[in-house]
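Subject: Structure handover

Hello,

Here is the structure I promised to pass on. Please open it beside this email and follow along.

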There are 2 protein chains.
Amino acid sequence: MSSDEVPHQGVLRPAPESFLSGELISAISRDGIDHHRRGLLRGAFGAAVAAMAGSAVASDPDIVTPPEWSRTLGKPVATNPYGLPSLYEQNIIRRQSPGLTQTDQASVAFTPLQSMFGMITPSGLHFERHHQGWVDIDPRRHRLMINGLVDTPVVFTMEELMRMPSVSRMHFLECGANTALEWGNSAVPTVQYTHGMLSGSEWTGVPLSLLLERAGYDRRAQFLLAEGADGSSMTRTINMENALDDAIVAYGQNGEMLRPEQGYPLRLVVPGVQGVSWVKWLRRLEVGDMPYAAKDEASHYVDLMPDGSQRQYTAIQEAKSVITAPSAGQKLQTKGYYCITGLAWSGRGTVTKVEVSVDGGRNWREARLEGPVLPKMLTRFNFDWVWQGDAALLQSRVHDSTGYIQPQRAELVAVRGTRSIYHNNAIQTWRIAPSGEVDNVQLG
Amino acid sequence: MSSDEVPHQGVLRPAPESFLSGELISAISRDGIDHHRRGLLRGAFGAAVAAMAGSAVASDPDIVTPPEWSRTLGKPVATNPYGLPSLYEQNIIRRQSPGLTQTDQASVAFTPLQSMFGMITPSGLHFERHHQGWVDIDPRRHRLMINGLVDTPVVFTMEELMRMPSVSRMHFLECGANTALEWGNSAVPTVQYTHGMLSGSEWTGVPLSLLLERAGYDRRAQFLLAEGADGSSMTRTINMENALDDAIVAYGQNGEMLRPEQGYPLRLVVPGVQGVSWVKWLRRLEVGDMPYAAKDEASHYVDLMPDGSQRQYTAIQEAKSVITAPSAGQKLQTKGYYCITGLAWSGRGTVTKVEVSVDGGRNWREARLEGPVLPKMLTRFNFDWVWQGDAALLQSRVHDSTGYIQPQRAELVAVRGTRSIYHNNAIQTWRIAPSGEVDNVQLG
């Protein structure tokens, strides 16, 4: 990808600039937000804050003359009946990686993780991965069929599905190919492109178990084939165990109907499982007694091992984490305090701990987790750090509720080799140079 | 408001139509999604599902000839670098209520609760309440000053604030005037207008306690004055207790920067407290030793009591709930199963139970709560109901972690009278006629 295509910290964007070029702020204690240590905090910050304040006031024309927005009538309510981000944020968008795929319809647009907060991905920034482009289906004409090893094949309209018992649950969605280029030596320039096929949303729909009960599935049932209504007819095998556990036939995302790029009006949600199995524009579920070996599970989405064999049906997204800021392509402008922030998740359960290292994995300290910490959902972590101006190697690693610990890249490669595309959950390293510049490096 | 201004269930909208006009679905047991009772479920649904399926297949041309979206190439990724809802959803927008206020800059646009899911409000549908219109402030020029009873007055840039320790938390935001017209006999036509000044978001920013510590607040400090940078210079008194507890100086909402209509680039978040105190475009916090009696707390946002006295500084939003569907303006098209759904919240803590009545409060049954149930955040509830075609009176009531139970309207009016504008948290009643039409009624 070309370097001029990565304006991840444009002039209109306050977040990365702010994060990276602020006035000097003195070091704070690790317990900076612990109310029991106010005295310590007050002492640590007094001088630094006074210095900041003086310089800001003296140099600021808006303090002397109120800015225009404080002196004029603003815009009416409902100027935008469906609201949009600030004009100053128009650089924070999902971005395609030119050359990564041969056509723009079978391609990827990545989420700008480096500029985002919390655990919810706004639907407008949700990553895209299509196999024959996206479509905006008329919901009055859309149908879901359930056939195969069932008492009676059934066809549901959207009206019927939306009248049924519904659940709402928050889950992450990660493409199995997220972080794929890190298997090689490619230094992908930003976290948007290394980890940006990742999102966290609140999904609403009908429990898949309920629909299967309604169809009356056979005792021989062990697998489902899920099929999409777009031109690619994406087909994937789903384990019956996943289907009956926490899978959802979803029409809602983050409080409203699914977006077209996310499968409007209906998609499958299979928590913990790679994104390709969350079939979009879902039109059919076939109940069967063996895996279907569809194109996208026989020739794609398989893992090439060092001995030349292929791992197949490796659908679960293992525990993984990444520091989203500071991250490659950003620059630390001054020494002093930084709030290192990132995301952690596990397809097998709940995040129990995240640790951060600033020396390439020699020493680790525990990060703060922002709640609620939910199963198979993103967890935001924050970590207080004072940069002294030296070179540093930033890493994060997650522990999950199964006891699993995210591996270093060398550990993962020792088992998996470097010829895979999918399922790279290695620890990511960002190198900070004494100049403050941050880039993507691979250790070992 | 005029009736032609309320197209809450337009032709392009699948949700209300779907919810209301689906094929007959037979009754399901209350334990419809309980995996331990699959046998019961299978028995209950078999016949109904078979009937549905037959009719759907026979009448559906798309089953015979695949629809055009299954036979053509879709749109490229990043067609919309910042994504938008489906074209079929363009009727689901926030709406102003003409005539409610004298100018469109000091007005309200309401959230379409009747068409929404879960507990997250997408930022594009967040309600608006401005006092002199909304502005889109250049974040590079925005400042936050902390002055008053502090060791040293301080001024922060956005860059400085965004480098500080941050937290992300989910909280509801409700205008103190939400449901105001229900104090009178006015039959507001939809839940969008009765309860649509309500949202649930994930907020990210600096704990206010940390900023106050940095400024070094005085021992005499008991109150804050929060001031906005828009033309109205909205000013509100905040209790120091709230300020030091869980208040946030927020720049992030639902994963991205605040929207302009929500105070970009900085607003105050005061969980549990009415919206007017969550000052938008926040530019100043003054520490003081007494309430400030600002315009919007001396002459507005006060509660006129039956004896002619005024309650002042009644900022906490008491526990409240509302059924969002079926709700006034919708129509049940057929008998059979409905999933009654709604929202519950408490400014004093956590929702512990929601009950639903279909007979105007004589009998109550417990609803399912969708997790996670978080303090001072919306909780989605769902309730299984079989409509037999008779008249019905739908109500919900919430219990919170303090033991408080949401009052019937008559109970609230017995204490507060009917001359208030603000802080109406009474149980809402929707009447269903034998025709299936739903309207807004007041009992007792």
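Predicted model: local features only at pLDDT ≥ 70, side-chain atom pairs only at ≥ 80, totals over all residues.

In what order do the four strands of the open sheet in chain B run? The order is S16-S17-S21-S20, and the pairing is antiparallel. Strand S16 (320–325) and strand S20 (368–369) of chain B stand at the edges. Each has a single partner strand, so one side of each is left without a neighbour in the sheet. Strands of a sheet pair through backbone hydrogen bonds.

Now look inside that sheet. S17 (residues 336–345) and S21 (residues 379–387) of chain B are joined in the antiparallel sense by nine bridges.

The mean pLDDT of chain A is 87. In that chain, 85% of the residues reach 70 or more. One stretch needs care: over residues 1–55 of chain A the pLDDT is below 50. Beyond near neighbours in sequence, that stretch still has 119 contacts in the model. For the complex, the predictor gives an ipTM of 0.90 and a pTM of 0.90.

**Chain A in outline**

Chain A has 444 residues, and 58% of them count as buried. Its secondary structure comes to nine helices and 24 strands. Take the contacts in chain A between residues at least 6 apart in sequence: 70% of these join residues at least 24 apart.

The chain is divided into domain 1 (103–311) and domain 2 (320–441). Their centres, taken over C-alpha atoms, are separated by 27 Å. The contact between them takes 31 residues from domain 1 of chain A and 30 residues from domain 2 of chain A. On the domain 1 side, the elements that give two or more residues are strand S6 (167–174), helix H5 (191–195) and strand S14 (303–304) of chain A. The residues of that side divide into 18 nonpolar, eleven polar and two charged.

**Where the chains meet**

How many residues does each chain give to the contact between chain A and chain B? Chain A gives 127 residues, and chain B gives 127 residues. On the chain A side, helix H2 (residues 38–58) gives the most, with eleven residues. This side divides into 60 nonpolar, 35 polar and 32 charged residues.

**The core and a buried helix**

The largest nonpolar core has 210 residues. Of these, Val249(A) and Val249(B) touch the most other members. Select Val249(B) and check its surroundings. Leaving aside neighbours within four places in sequence, Val249(B) is in contact with Leu144(B), Leu161(B), Gly205(B), Val206(B), Leu208(B), Leu211(B), Leu266(B), Leu268(B) and Leu282(B).

Helix H6 (residues 208–215) of chain B has eight of its eight residues buried, so it is largely enclosed by the rest of the structure. Just after H6(B), Gly216(B) takes a positive phi of about 75°.

**A tryptophan to look at**

Is Trp385(A) buried or partly exposed? The cut-off for buried is 20 or more other C-beta atoms within 10 Å. Trp385(A) has 18 within that distance, so it is partly exposed. Trp385(A) lies in strand S21 (residues 379–387) of chain A. Not counting residues up to four places away in sequence, Trp385(A) touches Tyr338(A), Ile340(A) and Val358(A). Val358(A) is 27 residues away along the chain, yet the two C-alpha atoms are separated by 8.7 Å.

**The end of chain B**

S22 (residues 392–400) and S23 (residues 429–432) of chain B pair in the antiparallel sense over three bridges. Here Leu393(B) stands opposite Arg431(B) in S23(B). Four bridges then join S23(B) to strand S24 (residues 438–441) of chain B, and these two run antiparallel. Thr429(B) has Val441(B) in S24(B) as its bridge partner.

What do S23(B) and S24(B) form? They form a hairpin, with five residues between them. In the turn, Gly436(B) has a positive phi of about 95°.

Best wishes

Key. Residues numbered from 1 in each chain as written. Chains lettered and ligands numbered in written order. Domains from an automatic or database assignment. Contact = placed C-beta atoms within 7 Å. Nonpolar A, V, L, I, M, F, W, Y, C, P; charged D, E, K, R; others polar. Pairing = 2+ DSSP bridges. pLDDT = per-residue confidence, 0-100. Buried ≥ 20, exposed ≤ 12 C-beta atoms within 10 Å, placed from the backbone. Core = buried A, V, L, I, M, F, W, Y, C linked by C-beta atoms within 7 Å.
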